Amino acid sequence: MGAGGRSFEGKKSKSDVLQRVPHSKPPFTLGELKKVIPPHCFQRSIPQSFSYLVYDLTIAFLFFYIATNYFQNLPQPLSNLAWPLYWMCQGCILTGVWVIAHECGHHAFSNYQWLDDTVGLILHSALLVPYFSWKFSHRRHHSNTGSLDRDEVFVPKFKSEIRGFAKHLNNPPGRVIILLVQLTLGWPLYLLFNASGRHYERFACHYDPYSPIYLDSERTLILISDAGVLAVIYGLYCLVAARGLIWVLCVYGGPLLIVNGFLVLITYLQHTHPSLPHYDSTEWDWLRGALATADRDYGILNKVFHNITDTHVAHHLFSTMPHYHAMEATKAIKLILGNYYQFVGTPIFKAMWREVKECIYVEPDEGDQKKGVYWYKNKL
């Protein structure tokens, strides 16, 4: 899926030279891209949006019912295998639920902001995500994608910022450690400490209404987000008291760990590749920043994740478009985007390893220090 346009991962050229994404001002405008997309792609349907949510929640309930009613009857070896399988399957489905909440944050679920925020708050809180806190920081990410100064997530480091211990992790065992920490702790560390996010002059936390991430007018909604998460934590506490910690970890904790891992992985790979440019304040503009992203192929999981994986370029260009129209829109705009459309077809596990190995810091090309365009340099 997502084939066509520019593919970084076809057969290597004879010279095996990395083909970079164009970083000059595009020969088209956002308005011209919008004109080639069928108008119905921008229409949001409440029944259609809810149909995807009901489908996901139904599958999630079936997984929960099977796990809690039948796993206990399995012999020990099979039971030990069944629970990890449940975690993975349930985690994938709940990642789809997370994506629908993400749509709510972009006002892509319905034509009613209050409905989008209500659904988004409930779904994200259930997954221990502070809905409005994330919504506001994610909106700023979309407003500043590709900017070294103002982007909010996976902001690249300069070579001078790489600390000594990072050099000691630039080897196979070190990369395994980096990936394990990133996929298990990366999401909570981002929410709690803004890890891998934009640099602020003081402590930044998604749960703090006075965090520098937010405006004064947003602080009340940050508190509502916190209240939603605390309500779910209290519910989990009651479940632990009634059913035991192990039961809650097996039924809820395992799938949540998978969800958090996929959130980090999907976002990381969408914005990290040796061919993607990054810009300083002298060169950045919104359209080129939005185009400095990549569609990825997760196979059958593309559908499970509501195509957030392989329509990410279109999503950055038109973030209020519902996910169920994004594939059609992607096919339409690829004809105009040409080489500005970025599709990376590398198998995901291989891509994870390559990016953690090669995308360590950014630098301008030699002789281009004043041009404001930076690239991952691939080696320490």
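Modeller: Helices (H or I, at least four residues) and strands (E, at least two) are DSSP runs, numbered from the N terminus. This is a predicted model, where local features need pLDDT of at least 70 and side-chain atom pairs count only at pLDDT 80 or more, while totals for chains, interfaces and linings use all residues. Residues are numbered from 1 along each chain as its sequence is written, and side-chain values use heavy atoms, with hydrogens and water left out.

Colleague: OK. What is the bridge partner of valine 362 in strand 6?

Modeller: Tyrosine 376. Strand 5, residues 362-363, pairs with strand 6 in the antiparallel sense over two bridges.

Colleague: And how does strand 2 pair with strand 6?

Modeller: Antiparallel, over two bridges; strand 2 is residues 278-279. There, histidine 278 has tyrosine 374 as its bridge partner in strand 6.

Colleague: Which residues of strand 6 are buried on each side?

Modeller: Val373 and Trp375 on one side, Tyr374 and Tyr376 on the other, so both faces of the strand (residues 373-376) are covered. Buried means under 20% relative accessible area, exposed over 50%, and partly exposed in between, with a 1.4 Å probe and protein chains only. In a regular strand, side chains alternate between the two faces of the sheet.

Colleague: What about glycine 367, buried or exposed?

Modeller: Exposed, because its relative accessible area is 59%. Glycine 367 sits in the loop between strand 5 and strand 6.

Colleague: Switching to rings. How many aromatic pairs are there in the whole structure?

Modeller: The search finds 23. Rings of Phe, Tyr and Trp (its six-membered ring) pair if their centres lie within 6.5 Å; planes under 30 degrees apart are stacked, over 60 edge-to-face, and the rest tilted. Take tryptophan 83 and tyrosine 86: their centres are 5.6 Å apart and their planes at 90°, so they are edge-to-face.

Colleague: Where do tryptophan 83 and tyrosine 86 lie?

Modeller: Both are in helix 3 (residues 76-105), three residues apart, about one turn of the helix. Tryptophan 83 is buried at 17% relative accessible area, and tyrosine 86 counts as buried at 5%.

Colleague: Which residues form an aromatic cluster?

Modeller: Phe61, Phe64, Tyr65, Tyr70 and Trp247 form one. Arginine 243 also lies over the face of tryptophan 247, 4.4 Å from the ring centre. For that, NZ of Lys or CZ of Arg must be within 6 Å of the ring centre and within 35 degrees of the ring normal.

Note on methods:
Pairing = 2+ DSSP bridges.
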